[in-house]
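Trainee: I have a model open and want to go through its packing with you. Where do we start?

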Amino acid sequence: MSVDDWPRDVRVQYRNDRRAADAKAAVLLHEGGQWGSSPPGLESIYDLVANLHHLADQWGMQWEEILDRASHHYESEVRGDEFSRMEP
């Protein structure tokens, strides 16, 4: 049985848990690959987001557009929309 055969609510939760795990890995890497017995705080996440903003600037990308698209993707993922590329 593949993930696509799972009940919709289970499939959506699984995929969003995987997305959160990917984000956790990014924060862990940003923190130098390790942290103590508790996960990093809010500062670690907003620092990573700020650094992504710097990268977007270097690559000539529009930050507000990135945030708008990211919000759209997040909302679509939470709803469980089933398409591979979500455009606003």
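Trainee: What percentage of the 88 residues in the protein is buried?

Mentor: Keep in mind that this is a predicted model. A residue counts as buried under 20% relative accessible area. Of the 88 residues, the buried share is 14%.

Trainee: Which pattern does the protein follow along the sequence?

Mentor: The protein has three helices and zero strands. Read along the sequence, the pattern is α-α-α.

Trainee: Are H1 and H2 roughly parallel or roughly perpendicular to each other?

Mentor: Two packed helices are described by the angle between their axes and the distance between the axes. H1 packs with helix H2 (residues 42-58) at about 85°, and the axes are 10 Å apart. Angles from 65 to 115 degrees fall in one class, so H1 and H2 are roughly perpendicular.

Trainee: Which residues in H2 meet Ala 26, Val 27 and His 30 in H1?

Mentor: By class, the contact of H1 with H2 holds four nonpolar, three polar and one charged residues. On the H1 side are Ala 26, Val 27 and His 30. On the H2 side they meet Ser 44, Ile 45, Asp 47, Leu 48 and Asn 51.

Trainee: How many charged residues are in the contact of H1 with H3?

Mentor: Helix H1 (residues 8-30) and helix H3 (residues 63-79) pack at about 145°, with axes 8 Å apart. Arg 8, Val 12, Asn 16 and Arg 19 in H1 meet Glu 77, Val 78 and Arg 79 in H3. By class, the residues of this contact are two nonpolar, one polar and, as for charged, four.

Trainee: Is the aromatic pair of Trp 6 and Tyr 14 stacked or edge-to-face?

Mentor: The structure holds one aromatic pair. Trp 6 and Tyr 14 sit 4.9 Å centre to centre, with 75° between the planes. Planes over 60 degrees apart set the class, so the pair is edge-to-face.

Trainee: Is Arg 11 buried or exposed?

Mentor: Arg 11 is found in helix H1. Beyond its neighbours within four places in sequence, Arg 11 contacts Val 3, Asp 4, Trp 6 and Glu 82. At 11% relative accessibility, Arg 11 counts as buried.

Trainee: Which backbone oxygen does the side chain of Arg 11 reach?

Mentor: A polar contact needs N or O atoms within 3.5 Å. Here the distance is 3.3 Å, and the backbone oxygen belongs to Asp 4.

How values were computed. Residues are numbered from 1 along each chain as its sequence is written. This is a predicted model: local features need pLDDT of at least 70, side-chain atom pairs count only at pLDDT 80 or more; totals for chains, interfaces and linings use all residues. Side-chain values use heavy atoms; hydrogens and water are left out. Axes are lines fitted to C-alpha atoms, for helices over the stretch in contact, and angles run from 0 to 180 degrees between N-to-C directions. Helices (H or I, at least four residues) and strands (E, at least two) are DSSP runs, numbered from the N terminus. Contact means heavy atoms within 4.5 Å. Ala, Val, Leu, Ile, Met, Phe, Trp, Tyr, Cys and Pro count as nonpolar, Asp, Glu, Lys and Arg as charged, and the others, Gly among them, as polar. Rings of Phe, Tyr and Trp (its six-membered ring) pair if their centres lie within 6.5 Å; planes under 30 degrees apart count as stacked, over 60 as edge-to-face and the rest as tilted. Buried means under 20% relative accessible area, exposed over 50%, partly exposed in between (1.4 Å probe, protein chains only). A polar contact is a pair of N or O atoms within 3.5 Å; within protein, one must be able to donate a hydrogen and the other to accept it, and residues adjacent in sequence count only if both atoms are side-chain atoms. Angles under 35 degrees count as roughly parallel, over 145 as roughly antiparallel, 65 to 115 as roughly perpendicular and the rest as oblique.
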